[in-house]
Amino acid sequence: MNNEFIINENLQKLIDETELEIKGQLEKIDKVSLLNSMKVLKAFQDNNISDMHFNSTTGYGYNDIGRDTIEKLFSQVLKAEDSLVRSQFISGTHALTVALFALLRPGDTMLSITGKPYDTLDEVIGIVDNPSSLKSYNINFKQIDLIEDDFDYEKIQEALKNEKIKLIEIQRSRGYAVRKSITIDKVEKVIQKIREIDKDVIIMIDNCYCEFVGEKEPLEVGADIIVGSLIKNLGGGIAPNGAYIAGRKDLVHLAGERLTAPGEGKEVGPTLGINKSILQGLFFAPSVVASSLKTAVFTSNILQKLGYEVEPLYTDERADIVQTIRFGNEKDIIRYCQGIQMGSPIDSNSIPEPWDMPGYTDKIIMAAGAFTQGSSIELSCDGPIRPPYIAFQQGGLTYEYGKLGVIKAIENLKK
Ligand SMILES: *Cc1c(COP(=O)(O)O)cnc(C)c1O
């Protein structure tokens, strides 16, 4: 590389080796990206997207043709009967919360079959006490842990035989847990096993970080409802905020009634000028997800060469955009995350420190020099400050910027 970005010779040699070794993986990522791009382009064409869909509504947001068409378009791409794609969702956590409160009633039981759900759901479910939790409404929670990164099929079937479960939650991405992400094949297999016992239980997928990583989405293999964030994969780095809930029409209807008000549901919700950004974000999403995956593969290979334990390995099949790196000590995880911040386009001069984030139990260090606050489809790296000091890196709007960020982080780590 040229003198704009001075890299020492040894590191340059390492980068060259990495690029050679990961070539085959990058080609595979491009193939999936092309298929997903075709899916998106066709949905734009089938829905006759035009200038008028970039319109904006205020106030109640009645008859927002852009919003309604965006929801049709997302439904087509995700193979959903219906969807809610709204900036009124603050985050993925909020959309998951709306879905859970919409679908569960007092006395119902929710069962997670991927172990403990994402940290920010602790207070939503009532795993950590909160007077507004599902638990406070007498909604029960149970979990079945994964075994060797796969579902405990026997225990799941047994649980369904023994008691009435209203809703099963599957979290595909790892969150802050040390485990692999769940591939679509595994989701398909476990849904078949669930349906052998129970035809009615609602199967809800936390699909955060997994959209467009593969060729299929969970609704295509039998899930009832899926939830994800627009400042992750499907927002393509362009959507300024928001999240989606998609799936069975009756369930999406219930979610709409909970998001706004019973009787108003999906009919209201002003778009305040963001329709074009949401459309553009979805349009870019297949290639932005591909860039993130390439950045992750590059990171996996090069950090393994530097002696760190990484998951997934660069050759592994991926189900999400997350790359984990086990640093083993507090100093290294902090230096790496600070390096990611230094390699970012925004706030490259501020140094992140571990802090007590709302909704999380341990101190978290979070590097995110992003255009959109908290956007983790942009290169970002974070991790709880607890042994074995694992960093969770994801995103990269372009492969080039992703790679440059990672190189900066390695330099900072090795300084
Ligand atoms: C990001 C994420 C969420 C939601 O997080 P927000 O920051 O609230 O959008 C939920 N589950 C998983 C697995 C996630 O990765």
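Colleague: In β7, which residue is the bridge partner of Gly228?

Modeller: This is a predicted model, where local features need pLDDT of at least 70, side-chain atom pairs count only at pLDDT 80 or more, and totals for chains, interfaces and linings use all residues. Residues are numbered from 1 along each chain as its sequence is written, and side-chain values use heavy atoms, with hydrogens and water left out. Strands (E, at least two residues) and helices (H or I, at least four) are DSSP runs, numbered from the N terminus. Across from Gly228, the partner in β7 is Tyr244.

Colleague: Which strands join β7 by five bridges?

Modeller: Two strands pair if DSSP finds at least two bridges between them. Strand β6 (residues 225–229) runs antiparallel to β7, with five bridges. Five bridges also link β7 to an antiparallel strand at residues 82–86, where Leu84 partners Ile245. The strands are β6 and β1.

Colleague: How many of the five residues of β7 are buried?

Modeller: Buried means under 20% relative accessible area, exposed over 50%, partly exposed in between (1.4 Å probe, protein chains only). In a regular strand, side chains alternate between the two sheet faces. Ala243, Ile245 and Gly247 are buried on one side of β7, Tyr244 and Ala246 on the other. For β7 (residues 243–247), the count is five of five.

Colleague: What is the volume of the largest pocket?

Modeller: A pocket is an open set of points on a 1 Å grid over the protein atoms alone, where a 1.4 Å probe fits, with protein on both sides within 12 Å along at least five of seven lines; lining residues have an atom within 4 Å of a point. Grid points are joined across faces, edges and corners, and volume is the space filled by probe spheres set on the points. The largest pocket holds about 1,000 Å³.

Colleague: Which element supplies the largest share of the lining of the largest pocket?

Modeller: The lining has 42 residues; among the closest to the centre are Ile231, Met357 and Tyr360. α4 (92–103), β10 (364–367), β11 (380–384) and β12 (390–394) each supply at least two. The largest share, four residues, comes from α4.

Colleague: How many residues lining the second largest pocket are charged?

Modeller: This pocket has a volume of about 520 Å³. Its 23 lining residues include Glu317 and Arg318, which are among those nearest its centre. Asp, Glu, Lys and Arg count as charged; Ala, Val, Leu, Ile, Met, Phe, Trp, Tyr, Cys and Pro as nonpolar; the others, Gly among them, as polar. Nine are nonpolar, four polar, and the charged number ten.
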